[in-house]
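Hi everyone, thanks for coming. Let me put the structure up, and then I'll walk you through a few spots in it.

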Amino acid sequence: MSAGAHRISRSTPSSTAGLAVFGGLTVALATLPTWDPERTLQSPLVLVLIYLSLAQMWNLLAGFAGLVSIGQQMFVGVGVYALLTLAEDRGIDPYLSVGLAGLVAAVLSVPVALFAFRLKGGYFAIGTWVIAEVVRLLVIESDSLAGGDVRSLTRTSLGGYSRDARDDITYWLALGLAVGATAIVVLVLRSRLGLGLRAVRDSEDGARGLGVDVTRTRLVVWVLASFWTGATGAVILLHSPSARADSAFSVLRWTALVIFIAVIGGVGSSVGPILGVLVYWFIDEQLAEADTWRFIILGTVAAAMAVVAPKGLYGLLQQWRPVQFFPVRRRLVARDVPMEEPA
Amino acid sequence: MSWVNAAVQGVLLGGLFALFATGLSLAFGVMRFVNLAHGDLAILAAYLAVSTTATLDVDPFVSLLVVVPVMAVAGYLAQRFVFDRTIGPDPLPAILVTFGLGVVIQNLLLEHYSADSRGLDAGAIETRSIRLTDDVAVGWFPLLTLVCAVVVLVALQLVLSRTRAGRAFRATSDDPDTAQLMGIDDRSVHARVMAIAFATVALAGVFLGIRQTFGPAEGPTVLLVGFEAVVIGGLGSLWGTLVGGIVLGVAQAVGNQVDVRYDLLSGVLFGHLLFLAVLAFRPQGLFGRKGRA
């Protein structure tokens with residue numbers, strides 16, 4: 001059989017169906033403000049979508065680039081304080097500032113990488129945590145940022161928008177970030193960059209030998225994830241318009257919970273964080289206000305999963321019935337040729 | 001307070017930091033294992049001492065006789081039944097399990113003991129000091145902490161270099177596969193190392209609790225300081241860990257002398273910045289061999 005009789009395909013019937021379901025869901029969620037006027041679903045969903053965005057970015061770093069960061073709260077906090085500075089102090093439109101806040105986080109991530117990339121594995125994790133602490137302490141010490149005090153977005157920056165418009169735009173931004181984060185993971189996986197990442201993940205030396213620029217590949221992903229995490233941080237401030245450095249740079253809220261969500265759903269797949277955030281949502285609904293128990297339950301489940309089911313719920317699902325939700329895996333298929341081999 | 005005094009207090013504080021770091025350094029040295037719950041375990045030990053002193057009506061120093069063995073057994077079991085299953089070429093499972101454990105410990109402590117600050121009362125030793133000059137005084141308790149750290153590190157060094165168990169530890173560190181061929185049970189080595197790591201961090205936690213008040217959320221601070229001492233000293237070097245702790249202690253004490261907005265924070269910030277400087281200019285640490293990070 002000639003080579004032309006085969007082609008590389010990424011889509012399967014289930015991935016086509018998966019994309020259709022995902023697209024339909026996105027459209028349904030985007031029009032939510034019109035069919036949920038009381039906002040019974042819309043307001044809790046904002047935080048769920050924010051967590052999905054953060055979890056996908058952590059997943060991209062830890063699951064594909066081998067960068068297990070415990071310093072993501074740094075970029076969330078920088079996004080929060082960038083938005084406060086741009087919108088509140090400089091009078092730039094707050095919604096326009098979300099993208100700028102992401103840019104600030106991306107710019108900061110380059111010098112951070114200069115230090116953190118010298119460490120590997122578990123020490124990289126603690127190293128990013130230290131740097132996040134440094135940034136938090138600097139924000140608290142800074143007179144102009146006043147991170148030690150409670151600061152909020154006030155009428156000066158939000159005055160041009162009605163309350164309803166603000167709620168809707170914040171919701172759409174959160175949705176855009178969550179869907180966009182998922183799309184980034186899928187697109188990165190389909191790209192040459194993703195191929196390089198997976199080669200690095202499986203064997204760093206092997207990938208180097210094949211000509212993958214390991215540091216550059218990791219840096220690109222690191223900066224991209226930092227941008228997205230910073231922009232998400234800005235939306236976190238829009239959602240609850242006051243912050244202190246301790247809450248904006250909280251390792252428990254913006255990194256621990258995010259890690260638990262990603263791990264429970266499944267690190268290293270594009271669908272895992274979606275499953276994880278649904279579990280988080282379900283548990284959160286049962287718990288009302290008990291913050292401690294949320295951490296105890298999700299932390300225990302995540303730690304147990306890491307030992308017994310390292311691929312998370314998505315991995316368990318795959319064991320039970322292998323389905324592909326997104327067209328990311330390359331397969332060799334015959335082109336217009338009967339499947340039976342000639343004798 | 002003069003600069004000289006700040007430096008002296010920093011050296012003494014460094015003893016505590018070295019105790020924070022010992023277990024991390026040992027576990028990384030022998031089995032490349034990074035325990036992110038290390039700091040929360042120190043705080044857990046301090047709370048165990050609070051409960052022990054209250055229940056048995058004893059001195060915090062006497063409570064060490066309960067807390068340290070309990071923690072050592074916990075370390076042995078944790079390694080044997082949980083941590084060992086995560087050791088492999090991929091560092092992710094170990095990070096996830098220990099990070100999750102740390103968050104769970106922290107929140108269980110919060111749930112059980114509340115967020116109020118606690119302290120351990122060791123009596124007169126806490127306030128007594130030796131006056132060296134008009135400006136410089138050395139507290140008995142900080143001195144005891146430093147001496148303890150040195151004794152622990154000397155003892156560990158002797159165990160590693162002189163005993164059969166230490167030889168097994170070093171062999172497992174150098175080449176686990178060959179060590180196994182020589183009849184060394186690496187799982188047993190790992191469990192014993194983690195028992196020692198938990199015991200030293202328990203000691204550190206109780207000393208921290210005597211030195212100052214503490215709350216359930218302070219575990220990460222202990223972890224970060226211990227980690228910084230390990231990296232500054234050089235990965236895998238126990239003496240480096242002692243020096244790293246002392247250098248970090250001096251940096252924090254001197255940082256506290258600098259007058260900035262929130263002066264309680266500046267010492268910690270100085271310590272972090274020193275760590276970043278070492279990472280930038282001498283990533284192998286002061287006593288580390290090249291290419292081990």
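So, how many other C-beta atoms lie within 10 Å of B:Arg32? There are 18, so B:Arg32 is partly exposed. On that scale, a residue is buried with 20 or more other C-beta atoms within 10 Å of its own, exposed with 12 or fewer, and partly exposed in between, with C-beta atoms placed from the backbone.

Quick housekeeping: this is a predicted model, where local features need pLDDT of at least 70, side-chain atom pairs count only at pLDDT 80 or more, and totals for chains, interfaces and linings use all residues. Residues are numbered from 1 along each chain as its sequence is written, while chains are lettered from A and ligands numbered from 1 in the order in which they are written.

Back to B:Arg32: you'll find it in the loop between H1 and helix H2 (38–56) of chain B. Helices here are DSSP runs (H or I, at least four residues), numbered from the N terminus. The phi of B:Arg32 is positive, near 50 degrees. Most residues other than glycine have a negative phi.

Over in chain A, A:Arg39 also has a positive phi, near 60 degrees. That residue sits in the loop between helix H2 (32–35) and H3, and is partly exposed, with 16 C-beta neighbours inside 10 Å.

Now look at helix H9 of chain A, residues 192–202. Its buried residues are A:Gly194, A:Gly196, A:Leu197 and A:Val200. Seen down the axis of H9(A), they fall within an arc of 160 degrees (taken from the directions from the axis to the C-beta atoms), so they line one face. The face turned away carries exposed A:Arg192 and A:Asp202.

Key:
Helix = DSSP H or I, 4+ residues; strand = E, 2+ residues; numbered from the N terminus.
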